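Biologist: I have not read a model like this before. Could you take me through its pockets, its ligand and its backbone?

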Amino acid sequence: MLLTSADLRFPTPPEQLFGRKGPLVVEVGFGDGRFTAGLARRHPDWNIIGVEVSAASVKRARSRFLREGITNVRIYKGNGSFLVRNIVPAGRLHRVYVNFPDPWPRKKHHANRLLRRPFFALLSTRLEPDGALWLTTDHEAYFRFALEEARSTGLYRIEQKPPPPPTLQTKYAQKWLAQDKPIYHAVFTRLAEAAPHPPDPLVPMHHARLSGPLPALDAFTKLVHRFDGGTAVVLEAFRRVGRDEVVFVTQVDEGDLIQDLLIEARPDADGGLFVGVKRFGDPLPTRGVREAVHCVTEWLAAQGLTVVDRRY
Ligand SMILES: C[S@@+](CC[C@H](N)C(=O)[O-])C[C@H]1O[C@@H](n2cnc3c(N)ncnc32)[C@H](O)[C@@H]1O
């Protein structure tokens, strides 16, 4: 039910995730998952991917789906725009639900909003003809913002409608209704598609080989490596007890994908030093991961080791 990087190709044929054909539906930000569960029950033929950034929500919703015997939902823990860009094949999405998205009310935070023009352009390439995004929100300013962003792409027919009853049952709907707040709803139906938005390239999990002794770690301070598209931060370096091996604790931020990973520097069979990514944490082999390996390799080189081979 919970998708891991081993399940994912860029893009991933939905049949591979569900073991059957069916309309592909995505819910972004499912929170406690009660809407998703209802949707799955009402449409047993739909293949539904719920995407959610919050680990606590993923845990709660997963328990709910298991408890309620829901079998046509897959969970992706991560960002909705990442899922749509990389996992969903072009022209395959039947529908997207966004219920009560985080409104990011301050102007300087508007860039964090999901429903901006770039997302609508991307989505138009992933929706099937007549596929649609259904938005329900209590936040009038974000609602107007989303309408305007979608309208500016010229790619959607936009209809404002009364919210469908199931969207008024979500945890946040209940919260706002209890405060007598109005709820807004719109359907954005794809009319045309933008120029292709290809998925991010996945790079082979490359590594480097160096020669020379592992350095003392006293001199290590946090490394920050900026590259086009993100930042790799090597936070800490630890020597493994009883082993001639160093592990670097690293975070790679590529906008809508943040990965925590461990990079190891250890002796290899040929008497050299191998620098590469440990499987721990199931990282996706993105460009940012490669940049992190590069960053650690450069630090080791600066400590006097010789780079024999860069396989990244
Ligand atoms: C205000 S809550 C609404 C939850 C639920 N839809 C409801 O109506 O009760 C917004 C949810 O969206 C999630 N979220 C925010 N931005 C997201 C993104 N870009 N991708 C996936 N989930 C996101 C948050 O973690 C949070 O659980």
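Modeller: First, a rule for sorting residues: Ala, Val, Leu, Ile, Met, Phe, Trp, Tyr, Cys and Pro count as nonpolar, Asp, Glu, Lys and Arg as charged, and the others, Gly among them, as polar. By that rule, the lining of the second largest pocket has eight nonpolar, eight polar and four charged residues. Keep in mind that this is a predicted model.

Biologist: Which residues lie nearest the centre of the second largest pocket?

Modeller: They are Tyr76, Lys77, Gly78, Leu257 and Ile258, out of 20 lining residues. The most comes from β12, with three residues. The volume of this pocket is about 570 Å³.

Biologist: Why does the second largest pocket lie between domain 1 and domain 2?

Modeller: Its lining takes residues from both domain 1 (5–190) and domain 2 (207–311), so the pocket lies between them.

Biologist: Now the ligand. Which residues come nearest to the ligand?

Modeller: Of 18 residues around the ligand, the nearest are Gly29, Glu52, Gly80, Asn99 and Thr170. For polar contacts, look for N or O atoms within 3.5 Å of each other. A polar backbone atom of Gly80 is 2.9 Å from a nitrogen atom of the ligand. An oxygen atom of the ligand lies 2.8 Å from a polar side-chain atom of Thr170. Tyr172 has a backbone N or O atom 3.1 Å from an oxygen atom of the ligand. On its own the ligand has 590 Å² of accessible area, and the protein covers 87% of this.

Biologist: What should I look for in the backbone?

Modeller: Look for exceptions. Most residues other than glycine have a negative phi, and most peptide bonds are trans. In this model, the bond joining Phe10 and Pro11 is cis, with omega about 0 degrees. Pro11 is in the segment before α1 (14–18).

Biologist: What is the phi of Phe100, and where is Phe100 placed?

Modeller: Phe100 has a positive phi, near 55 degrees. Phe100 is in the loop between β4 and α5.

Methods. Residues are numbered from 1 along each chain as its sequence is written. This is a predicted model: local features need pLDDT of at least 70, side-chain atom pairs count only at pLDDT 80 or more; totals for chains, interfaces and linings use all residues. Side-chain values use heavy atoms; hydrogens and water are left out. On a 1 Å grid over the protein atoms alone, a cavity is a set of points where a 1.4 Å probe fits but cannot get out, and a pocket is an open set with protein on both sides within 12 Å along at least five of seven lines; lining residues have an atom within 4 Å of a point. Grid points are joined across faces, edges and corners, and a volume is the space filled by probe spheres set on the points. Helices (H or I, at least four residues) and strands (E, at least two) are DSSP runs, numbered from the N terminus. Domain bounds come from an automatic or database domain assignment. A residue is near a molecule or strand if one of its heavy atoms lies within 4 Å of it. A polar contact is a pair of N or O atoms within 3.5 Å; within protein, one must be able to donate a hydrogen and the other to accept it, and residues adjacent in sequence count only if both atoms are side-chain atoms. Accessible areas come from the Shrake-Rupley method with a 1.4 Å probe; for residues, only the protein chains shown count as cover.
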